[in-house]
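Please look over the sequence and the coordinates below before reading the report that accompanies them.

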Amino acid sequence: MNTFIYPGSFDPVTNGHMDIIERASKICDKLIVAVLISHNKQPLFTMDERVDLLKRAVGHCKNVEIDCFSGLLVDYVAEKEASVIIKGLRAVSDFEYELQMALLNQKMAPDIETLFMMSNINYSFLSSSMVKELARYGGNIKGLIPECIEEDVINKFKK
Ligand code: PNS
C-alpha cells in the first residue's frame, strides 16, 4: 500500500489544492489530506469546519481520506506508515520555503520523500489567503474554490 500525505492548513481548500489532490490521488493507493492543527496561526475556519469542507470537496475521489494532525509532520507520516509527502509548487516564490521544509524533513526522516507537483497554471496565482481577502470584501470567488463550499466561505463573512 503506497500512501501519500498532502499536508496543509486548507483554510479553506481551494481549486489549486483540489488540482493537486486529484492528480496525486492517481499516482498512489491512498492519499491522506492532513490538516494542520496549528497553535501559531489563527485560522478563519475551525479545524472541524476545515475537515468538513474538505470532506465535501473530495467526495468524488475514492482513495482520498481527510485527517488532521499536530506536532511534527514526519512523525505523523511515520504513524500513518506513509512513504511520501506531496506538496504543490505554484511559483518560484514558493520554492525557498518549500525547499527548506523538505530538507529539514529529509534530515529528520531520510526514508520519507517529499514530492513536488507543479500547480496547474490556471491556479498558480491562487491561495487560501487571496480567497479570504476577496470574500471578505464581497469579491467574486466563483471558480476559485469548489462550488459545494462557496456558500460556506461567503457566509463566514456575513456573521
Ligand atoms: O498550508 P501551509 O500552511 O503552507 O502548510 C504548512 C505545513 C502544514 C505543511 C507545515 O507547517 C508543517 O509541516 N507543519 C508541521 C510541523 C512540522 O513538521 N514542522 C517542521 C517542518 S517545517
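The report treats the chain as a whole and then turns to one histidine.

## Fold and order of elements

This is a predicted model, and its protein chain contains six helices and five strands. Followed along the sequence, these elements come in the order β-α-β-α-β-α-β-α-β-α-α.

## Dimensions and surface

The C-alpha trace of the protein chain spans about 45 × 30 × 30 Å along its principal axes.

Of the 159 residues in the protein chain, 44% count as buried. The accessible surface amounts to about 9100 Å², and carbon and sulfur atoms contribute 53% of that area. As for charge, the protein chain carries 18 positive and 22 negative charges, whose mean positions lie 4 Å apart.

H17 belongs to helix α1, which covers residues 15-25. Because its relative accessibility is 17%, and the cut-off for a buried residue is under 20%, H17 counts as buried.

The side chain of H17 reaches the backbone nitrogen of T14 at a distance of 2.9 Å. When residues up to four places away in sequence are set aside, H17 touches Y6, F10, P12 and S128.

Definitions and conventions
Residues numbered from 1 in each chain as written. Predicted model: local features only at pLDDT ≥ 70, side-chain atom pairs only at ≥ 80, totals over all residues. Heavy atoms only, no water. Helix = DSSP H or I, 4+ residues; strand = E, 2+ residues; numbered from the N terminus. Buried < 20%, exposed > 50% of the residue type's maximum accessible area, 1.4 Å probe, protein only. Polar contact = N/O pair within 3.5 Å; in protein donor to acceptor, adjacent residues only side chain to side chain. Contact = heavy atoms within 4.5 Å. Areas by Shrake-Rupley, 256 points an atom, 1.4 Å probe, with all protein chains shown as cover. Lys, Arg positive; Asp, Glu negative; His and termini not counted. Charge placed at Lys NZ, Arg CZ, Asp CG, Glu CD.
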